[in-house]
Number of protein chains: 2
Amino acid sequence: MADVARAVGVSTGTVSRALRGRPGVSEETRGRILRAAESLDYVVSPAASGLVTGRTGSVAVLVPFISRWFHARALAGAHRVLRRAGFEIVLHHVEGSAERHEFFETLPVRRRADGLLVIALSLAEEELRRLGALGLPVVGAGTEPGDRPAAAIDDTAGAAKAVRHLVNLGHRRIGMIRSTDDEGVHQGVSRRRLAGYRAALTEAGLEIPDDAVVSAPWGIDGGARAMGELLSLRTPPTAVFAEADEVAIGALRTLRRAGVPVPGRMSVVGFDDSPMAELLDLTTVAQSVYEQGAIAGRMLVEAVRHGGVREPRVRLGTTLVPRGTTAAPSGPGGSRGPAGGGREQPG
Amino acid sequence: MADVARAVGVSTGTVSRALRGRPGVSEETRGRILRAAESLDYVVSPAASGLVTGRTGSVAVLVPFISRWFHARALAGAHRVLRRAGFEIVLHHVEGSAERHEFFETLPVRRRADGLLVIALSLAEEELRRLGALGLPVVGAGTEPGDRPAAAIDDTAGAAKAVRHLVNLGHRRIGMIRSTDDEGVHQGVSRRRLAGYRAALTEAGLEIPDDAVVSAPWGIDGGARAMGELLSLRTPPTAVFAEADEVAIGALRTLRRAGVPVPGRMSVVGFDDSPMAELLDLTTVAQSVYEQGAIAGRMLVEAVRHGGVREPRVRLGTTLVPRGTTAAPSGPGGSRGPAGGGREQPG
């Protein structure tokens, strides 16, 4: 470090601050120091540096289901921001509930990270309590972990948009497909989207058809199975809100195999606006996923560096994207449903 | 550490080995030590431990395009194995060529990781040389970085299977859609799959229709554009091999919009067998992606712990999955092509 300081003509303290990315060094000086350090092949030993500063230079990212589009996109957004801020990103991927339990039992981020970013995982009270005991900044992306800072959407409002679109098209009997995790539990996102579905039906004066709210494991196969259940009801709905695009796509598969025309006999709306939704011309509710990751990443940098976040709760908007899987109901099912709302069906 | 040793009745050396996951401690003893350490709330400071052992306890994973199904799946497989072996996974996501160049310029894994896993990135000579200078074990998943250990498939053989399937159906004029990165460069996987395409045509005695080998940026839009090019040829092919499912799906979109029946007038084969391929009934070449990540992860554990890998090159098989987008050619285009192979077209 003394060699670098001599080469640049600054103190070793300045070199130290510059190399560790701390404030108090101008960008110009930092650049000269980094170039000198590189030419002298000076590498901070993170272990030695960590003993001095008490910081690790790492942030942990807890993410389930990385193979799903949503999670990977949010991670990409967070990674970019965190990496540019000079942090290493330690990945904790929990593929199922067993790994999730293990993470919260062992808390492998203790003394190994300066902060934790949680992507799209609804945390239970006990999990929040355990994280709290770590004394680390925790930020959510695509989820709001307790009162911690977070960048997310309003799932309830987004789901209500999807269902209102169906109501406005004239549907009176509208079902919903929900998803469960590998233990058969509805996560927070599923509960919030159910609340939006219910709110939109209630505000339209429609009854909530409880038999037409079905659950299945998350994914295409689950969505396919759930749609099979809906088709076997005494009075199937004329439209369905699926809590995620992947689930809606499974529902479309069943409808195609069953020969039910979409949207002629059944309208389907998803949620997320994944690339598959566009490809399959699926009506859905769009959200900015990469941005949720990036904003949450920025919040975590702020929390680690300054101990707090100025704007700790960012709610990004959602937009209904009408495509080819929704239309006004046709045939007897549309107006004859038991719900009998106020509005007349158009066309 | 002395407290833990006293509680369990072993030496502090044994406690140290057990907590650091080193060999020479029985599973039973390790279990007792871990439980005692937990009840005494003993946490190894990684920084302090690293200064003693010279190890970091971390491995770095370099992965491009995490939002793509292939990369996320391979990462999930590697993560599971590495995590179970007690390593932290430091994620280096390179979204484009600029970030890739930056990674190899700055090599942020120096002194920060015990090894490096490279997922699905074809490394250039210079990049390999730079990694070599680090003195770290490097393992590839879905790619073979120089002579380093790797778990991958034989892309050339896989591509030849796809094209042979088209030849066997009676196609004589077979095109190919290739992909480029954001700098317009064909990566290694694209070069190998082109070699397989050429080999299959040559062994069938067919000419390689150079005008029917087109390139576009990777993805659905690129595939769509490339298919547009093929449709504007004086003699379009009757079948197309797309180097990845995502690209094939873009090609299908163009064909649907252009009103070209698939497979009636155009057969399409992809590569990878992503969930989208199954959904869209796309004929493709399947590979085991999660397994490539998991096997490469195991190799890296072996390389870090023992300084070498017993079976350093694992090649997983590929399987042709015939679905609804391929059939024998019909109409004049099928037999009138300029190639004029040996076999007659059936039907």
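Colleague: With which side chain does the side chain of A:T29 make a polar contact?
Modeller: In this predicted model, A:T29 is placed in helix 3 of chain A, which covers residues 27–39. A:T29 is buried, since its relative accessible area is 15% and the cut-off for burial is under 20%. At 2.8 Å, the polar partner of its side chain is the side chain of A:S26.

Colleague: Which residues does A:T29 touch, not counting residues up to four places away in sequence?
Modeller: The count leaves out residues up to four places away from A:T29 in sequence. With these set aside, A:T29 touches A:V10 and A:T14.

Colleague: Is the aromatic pair of A:F103 and A:F104 stacked or edge-to-face?
Modeller: The structure holds four aromatic pairs over all chains. In the pair of A:F103 and A:F104, the ring centres are 5.2 Å apart and the planes stand at 80 degrees. Planes over 60 degrees apart count as edge-to-face, so the pair of A:F103 and A:F104 is edge-to-face.

Colleague: How many residues apart are A:F241 and A:F271, which form an aromatic pair?
Modeller: The rings of A:F241 and A:F271 form a tilted pair, 6.4 Å centre to centre with 55 degrees between the planes. A:F241 belongs to strand 8 (residues 239–242) of chain A, while A:F271 lies in the loop between strand 9 and helix 12 of that chain. Both count as buried, with 0% relative accessibility for A:F241 and a relative accessible area of 0% for A:F271. The pair links distant parts of the chain, its members being apart by 30 residues.

Colleague: Over the ring of which residue does the charged end of A:R68 sit?
Modeller: The charged end of A:R68 is 3.6 Å from the centre of the ring in question. That ring belongs to A:W218.

Colleague: Is B:R310, which meets B:E302 in a salt bridge, buried or exposed?
Modeller: The side chains of B:E302 and B:R310 meet at 3.2 Å, N to O. B:E302 is buried, with a relative accessible area of 11%. B:R310 has a relative accessible area of 76% and is therefore exposed.

Colleague: What distance separates the end C-alpha atoms of helix 13 of chain A?
Modeller: Helix 13 of chain A comprises 18 residues, 289–306, and 14 of its 18 residues are buried. At 1.5 Å a residue, the helix should span 26 Å, which agrees with the distance between its end C-alpha atoms: 26 Å.

Methods: Residues are numbered from 1 along each chain as its sequence is written. Chains are lettered from A and ligands numbered from 1 in the order in which they are written. This is a predicted model: local features need pLDDT of at least 70, side-chain atom pairs count only at pLDDT 80 or more; totals for chains, interfaces and linings use all residues. Side-chain values use heavy atoms; hydrogens and water are left out. Helices (H or I, at least four residues) and strands (E, at least two) are DSSP runs, numbered from the N terminus. Buried means under 20% relative accessible area, exposed over 50%, partly exposed in between (1.4 Å probe, protein chains only). A polar contact is a pair of N or O atoms within 3.5 Å; within protein, one must be able to donate a hydrogen and the other to accept it, and residues adjacent in sequence count only if both atoms are side-chain atoms. Contact means heavy atoms within 4.5 Å. Rings of Phe, Tyr and Trp (its six-membered ring) pair if their centres lie within 6.5 Å; planes under 30 degrees apart count as stacked, over 60 as edge-to-face and the rest as tilted. A charge sits over a ring if NZ of Lys or CZ of Arg is within 6 Å of the ring centre and within 35 degrees of the ring normal. The expected span of a helix is 1.5 Å times one less than its number of residues. A salt bridge is a side-chain nitrogen of Lys or Arg within 4 Å of a carboxyl oxygen of Asp or Glu.
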